[in-house]
Amino acid sequence: MAHVDAPLAGKVALVTGAASGIGAAAARRLAVAGAAVVGTDLAEGCDILRHDVRSEADWDRAIDVCVSRHGCLDILVLCAGTAAAGPVLELDLETFRDQARVHVEGAFLGLRAGVARMRAQGRPARGSIIAVGSIAGERPMLETAAYGTAKAALRHLTRAVAVEVGRKGDLIRINCVLPGGTRTPMTEALYGPAYWEDPNNFAAVPLRDYCRPEDIAEAILFLALDESEFTTAAALVVDGGWLISNRI
């Protein structure tokens, strides 16, 4: 049994998009919980493996590096992402397609590679795969057609694969975390720092604030733990109550 202070001791995690934002926070949180973590990203850095999630070859290499370093793969966090916003009539086809390539095709390749590796480690296969979606995939938001559509497809993909692998006898849990507006380097570049400093922009959020990457990392940790062993095909919303309050 894992030690209470290190509940993921002995587990190995691969986290994509780990150079900044939610991915970096998730990698740190899983490591603090005792996991051996391999972080990947398009942006190389200290302890970051370069990895384009749109590339099958890069996925093969990332899994191989993870296994060669630590012997197995127990937890896969699909956090690599990009964002685009703007009026649909000003949205070019390449930008729309790139959202799908990163968020949907990248996740498909990761799910396929992750499930295959976990199955190779024993049957029934065990592990936890966690994708980072968005509440933008649940409720249309102004000028986020490409991003929201990709995130909606990502949520469906995780549910479909979770049901399939479970019915085939695997004990691999596949879930999706749905953050609300989260202040990260990516969203600061998209909306500007002033947006995040204005409390009026979060007046509709019941908790009257935006999400921090650490908030999302805690949800990812929960889904990685054995304590969530009966949770699969689920979507865990972490948004301060904004999504449901805007449906009432």
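Colleague: Is C79 buried or exposed?

Modeller: Check the relative accessible area. Buried means under 20%, exposed over 50%, and partly exposed in between, with a 1.4 Å probe and protein chains only. C79 is at 13%, so C79 is buried. Keep in mind that this is a predicted model, where local features need pLDDT of at least 70, side-chain atom pairs count only at pLDDT 80 or more, and totals for chains, interfaces and linings use all residues. Residues are numbered from 1 along each chain as its sequence is written, and side-chain values use heavy atoms, with hydrogens and water left out.

Colleague: How many disulfides does the structure hold?

Modeller: A disulfide is a covalent bond between the sulfur atoms of two cysteines. The cut-off here is a pair of cysteine sulfur atoms within 2.5 Å. This structure holds 0 disulfides. Take C72: the nearest cysteine sulfur belongs to C66, 7.3 Å away, and C72 is in no disulfide. C79 is in no disulfide either; for C79 the nearest cysteine sulfur is that of C176, at 11 Å. C72 is buried too, with a relative accessible area of 18%.

Colleague: Now helices. At what angle do α3 and α4 pack?

Modeller: Two packed helices are described by the angle between their axes and the distance between the axes. Helices (H or I, at least four residues) and strands (E, at least two) are DSSP runs, numbered from the N terminus. Axes are lines fitted to C-alpha atoms, for helices over the stretch in contact; angles run from 0 to 180 degrees between N-to-C directions. Helix α3 spans residues 93-120 and helix α4 spans residues 145-167. Their angle is about 20°, and their axes are 8 Å apart. So α3 is roughly parallel to α4. Under 35 degrees counts as roughly parallel, over 145 as roughly antiparallel, 65 to 115 as roughly perpendicular, and the rest as oblique.

Colleague: Which residues of α3 and α4 meet?

Modeller: Contact means heavy atoms within 4.5 Å. On the α3 side, the residues include F96, H103, F108 and L111. On the α4 side, they include Y147, L154, L157 and V161. Sort them by class and you get 16 nonpolar, 3 polar and 2 charged. Ala, Val, Leu, Ile, Met, Phe, Trp, Tyr, Cys and Pro count as nonpolar; Asp, Glu, Lys and Arg count as charged; the others, Gly among them, count as polar.

Colleague: How do α2 and α3 pack?

Modeller: Their angle is about 40°, with the axes 10 Å apart. That makes α2 oblique to α3. From α2 come E56, W59, I63 and V67; from α3 come G106, L109, G110, R112, A113 and R117. By class, this contact has 5 nonpolar, 2 polar and 3 charged residues.

Colleague: What does E56 touch?

Modeller: L109 and R112, leaving out residues up to four places away in sequence. E56 is in helix α2, which covers residues 56-70. At 48% relative accessible area, E56 is partly exposed. Compare Y147: E56 and Y147 are 91 residues apart in sequence and 22 Å apart in space, C-alpha to C-alpha.

Colleague: How do α1 and α7 cross?

Modeller: At roughly 50°, with the axes coming within 8 Å. Helix α1 is residues 21-32, and helix α7 is residues 213-224. The two are therefore oblique to each other. Among the residues in contact are I22, A25 and R29 of α1, and P213, I216 and L221 of α7. The classes are 10 nonpolar, 1 polar and 4 charged.

Colleague: Where is T182 found?

Modeller: In the loop between β6 (171-179) and α5 (185-191). T182 is buried, with a relative accessible area of 6%. Among the residues T182 touches are I22, P213 and I216. I22 belongs to the α1 side of the contact with α7, and P213 and I216 to the α7 side.

Colleague: Which peptide bond is cis?

Modeller: The one from R123 to P124, with omega near 0°. P124 lies in the loop between α3 and β5 (126-132).

Colleague: What is the phi of E143?

Modeller: About 65°, a positive value, although E143 is not a glycine. E143 is in the loop between β5 and α4. At 38% relative accessibility, E143 is partly exposed. A233 also has a positive phi, near 60°, and is a residue other than glycine. A233 sits in the loop between α7 and β7 (235-238). At 27% relative accessibility, A233 counts as partly exposed.
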